[in-house]
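Colleague: I would like to learn how to read pockets and patches on a model. Can we work through one together?

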Amino acid sequence: MNRNTKINLVLLLAVVALAVLPLALGLGDHKKEPFAGADGEAETAITELKPDYEPWFSPLYEPPSGEIESALFSLQAALGAGVLAYYFGLRRGRRQGERRALEREADSALSDTRGTSAEERD
């Protein structure tokens, strides 16, 4: 098993642990909505600390339902993942292209030196 495979397995185990441990340990059982998100938690904390708080601005677009809001969030995540995948794929392709070009140059230089005698090379 090479080094990259070991690193990938460790990262995969970390992701699984982060996803499963909160559910298995019952974190958030004492709350009304255990996994509501940071925005909801912040809003609840603000209204508890300062009930007369007025927001500075309102959202530009308020989705009509929670399902549409979730769909827009998923679309945003998918677009971000697509941009990252494109970038990393482009970098890898360029790196492979550079490596192949260097190999071709080395092969052509090697074949050039093989085709000539030692007297002709000097």
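This is a predicted model: local features need pLDDT of at least 70, side-chain atom pairs count only at pLDDT 80 or more; totals for chains, interfaces and linings use all residues.

Colleague: How much space lies in the largest pocket?

Modeller: About 580 Å³.

Colleague: Which helix gives the most to the lining of the largest pocket?

Modeller: Helix H2, residues 38-49, with seven residues.

Colleague: How many lining residues are nonpolar, polar and charged?

Modeller: Sort the lining by class. Nine are nonpolar, four are polar and three are charged.

Colleague: Now the whole fold. What is the order of elements from the N terminus on?

Modeller: The order is α-α-α-α. The protein chain has four helices and zero strands.

Colleague: What share of the 122 residues is buried?

Modeller: Buried residues account for 2%. The accessible surface of the chain is about 11,500 Å², and carbon and sulfur atoms hold 61% of that surface.

Colleague: Which residues make the nonpolar surface patch?

Modeller: Leu 60, Tyr 61, Ile 68, Leu 72, Leu 75 and Leu 79 make a patch of about 680 Å².

Colleague: Take Leu 79. Is this residue buried or exposed?

Modeller: Apply the cut-off: exposed means over 50% relative accessible area. Leu 79 has 55% relative accessibility, so this residue counts as exposed.

Colleague: Where is the place of Leu 79?

Modeller: Leu 79 sits in helix H3, which spans residues 66-114.

Definitions and conventions: Residues are numbered from 1 along each chain as its sequence is written. Side-chain values use heavy atoms; hydrogens and water are left out. Patches are made of residues with over 30% relative accessible area and no salt bridge: like charges are joined within 9 Å, nonpolar side chains (Val, Leu, Ile, Met, Phe, Trp, Tyr) within 5 Å. Accessible areas come from the Shrake-Rupley method with a 1.4 Å probe; for residues, only the protein chains shown count as cover. A salt bridge is a side-chain nitrogen of Lys or Arg within 4 Å of a carboxyl oxygen of Asp or Glu. Helices (H or I, at least four residues) and strands (E, at least two) are DSSP runs, numbered from the N terminus. Buried means under 20% relative accessible area, exposed over 50%, partly exposed in between (1.4 Å probe, protein chains only). On a 1 Å grid over the protein atoms alone, a cavity is a set of points where a 1.4 Å probe fits but cannot get out, and a pocket is an open set with protein on both sides within 12 Å along at least five of seven lines; lining residues have an atom within 4 Å of a point. Grid points are joined across faces, edges and corners, and a volume is the space filled by probe spheres set on the points. Ala, Val, Leu, Ile, Met, Phe, Trp, Tyr, Cys and Pro count as nonpolar, Asp, Glu, Lys and Arg as charged, and the others, Gly among them, as polar.
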